[in-house]
Amino acid sequence: QQQVKQSPQSLIVQKGGISIINCAYENTAFDYFPWYQQFPGKGPALLIAIRPDVSEKKEGRFTISFNKSAKQFSLHIMDSQPGDSATYFCAASTVDKLSFGAGTTVTVRA
Amino acid sequence: DAGVIQSPRHEVTEMGQEVTLRCKPISGHNSLFWYRQTMMRGLELLIYFNNNVPIDDSGMPEDRFSAKMPNASFSTLKIQPSEPRDSAVYFCASSLSGGPVNEQFFGPGTRLTVL
């Protein structure tokens, strides 16, 4: 049973557009919510992360929005670029163990 | 640092054979994780170690799978006997447990094909 539900499974966006990926969780013990980015043939790599005491975190064109009461969080990719084409995984953890969402494949059309 | 090192990068074997995947974590990291990635099941945690001790192996699918971490710089994941449904990409990741950030650093993965 997946502890973190992620949607959509895939999305296509035009260059310069906004990509939005949503995740939801049930376990209120989760205290760390990272997003990982994976390119074909590579391992996932940490993109950005947030803790539940913060509602938003921005790093460059990437923003996490966090809604603790709704147990939801999302990744926004602003001004999407072809180099952002990858699979994105949300995750949640308590202590050391990460539970990953199913992943979203983002394709940015030039 | 070279990052997490995995070997081999690709492995093709026949059903029934023993397969051993190897991982060298980042120096100084004290937690090590083995994941399996497939299209159907996504990224699954198989087992993780903290200070070389297995902490949670609830994701290990069957007794055919075993993992060891004899020291802080080396771990193996063994499948014996292998089956076609074990075909997947296996990732090793390491992290510094207890720090302010729980970032896991992933290796490049081993693509396993069982014929």
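A polar contact is a pair of N or O atoms within 3.5 Å, where within protein one must be able to donate a hydrogen and the other to accept it. With that in hand, here are close-up views of this predicted model.

**View 1. Polar pairs and a salt bridge connect chain B and chain A.** Between the two chains there are three residue pairs in polar contact, both partners being at pLDDT 80 or more. The strands that give two or more residues to the side of chain B touching chain A are E4 (31–38) and E5 (42–50) of chain B. Sorted by class, that side of chain B holds 10 nonpolar, nine polar and three charged residues. One salt bridge is found across this interface. Zoom in on Asp56(B) and Lys97(A) to find the salt bridge, with the closest N and O atoms 2.6 Å apart.

**View 2. Here is the area buried between chain B and chain A.** The size of an interface is often given as the accessible area lost when the parts come together. In this model the buried area comes to about 1500 Å², and carbon and sulfur atoms give 49% of that. In chain B, the residues losing the most area to chain A are Leu43(B), Asn102(B) and Phe106(B), which together make up 34% of what that side buries. Chain B brings 22 residues to the contact, and chain A brings 16 residues.

**View 3. Glu44(B) sits in strand E5 of chain B.** Glu44(B) has 16% relative accessibility and counts as buried, because the cut-off is under 20%. Its side chain reaches the side chain of Arg41(B) in a polar contact of 2.8 Å. Setting aside neighbours within four places in sequence, Glu44(B) is in contact with Trp34(B), Tyr35(B) and Arg36(B).

**View 4. A disulfide joins Cys23(A) to Cys90(A).** The two sulfur atoms are 1.9 Å apart. The torsion about the S-S bond is about -95 degrees, so this disulfide is left-handed. The link ties together distant parts of the chain, from strand E3 (residues 19–25) to strand E9 (residues 86–94) of chain A, with the cysteines 67 residues apart. Cys23(A) is buried at 3% relative accessibility, and Cys90(A) is buried at 0%.

**View 5. Chain B has a disulfide between Cys23(B) and Cys92(B).** The S to S distance is 1.9 Å, and with -65 degrees about the S-S bond the link is left-handed. Cys23(B) lies in strand E3 (residues 19–24) and Cys92(B) in strand E9 (residues 88–95) of chain B, 69 residues apart. Cys23(B) is buried, with a relative accessible area of 1%; Cys92(B) is buried at 0%. Over all chains, the structure holds two disulfides.

Terms used:
Residues are numbered from 1 along each chain as its sequence is written. Chains are lettered from A and ligands numbered from 1 in the order in which they are written. This is a predicted model: local features need pLDDT of at least 70, side-chain atom pairs count only at pLDDT 80 or more; totals for chains, interfaces and linings use all residues. Side-chain values use heavy atoms; hydrogens and water are left out. Contact means heavy atoms within 4.5 Å. Buried area is the accessible area (1.4 Å probe) that two parts lose on being put together, summed over both. A salt bridge is a side-chain nitrogen of Lys or Arg within 4 Å of a carboxyl oxygen of Asp or Glu. Helices (H or I, at least four residues) and strands (E, at least two) are DSSP runs, numbered from the N terminus. Ala, Val, Leu, Ile, Met, Phe, Trp, Tyr, Cys and Pro count as nonpolar, Asp, Glu, Lys and Arg as charged, and the others, Gly among them, as polar. Buried means under 20% relative accessible area, exposed over 50%, partly exposed in between (1.4 Å probe, protein chains only). A disulfide is a pair of cysteine sulfur atoms within 2.5 Å.
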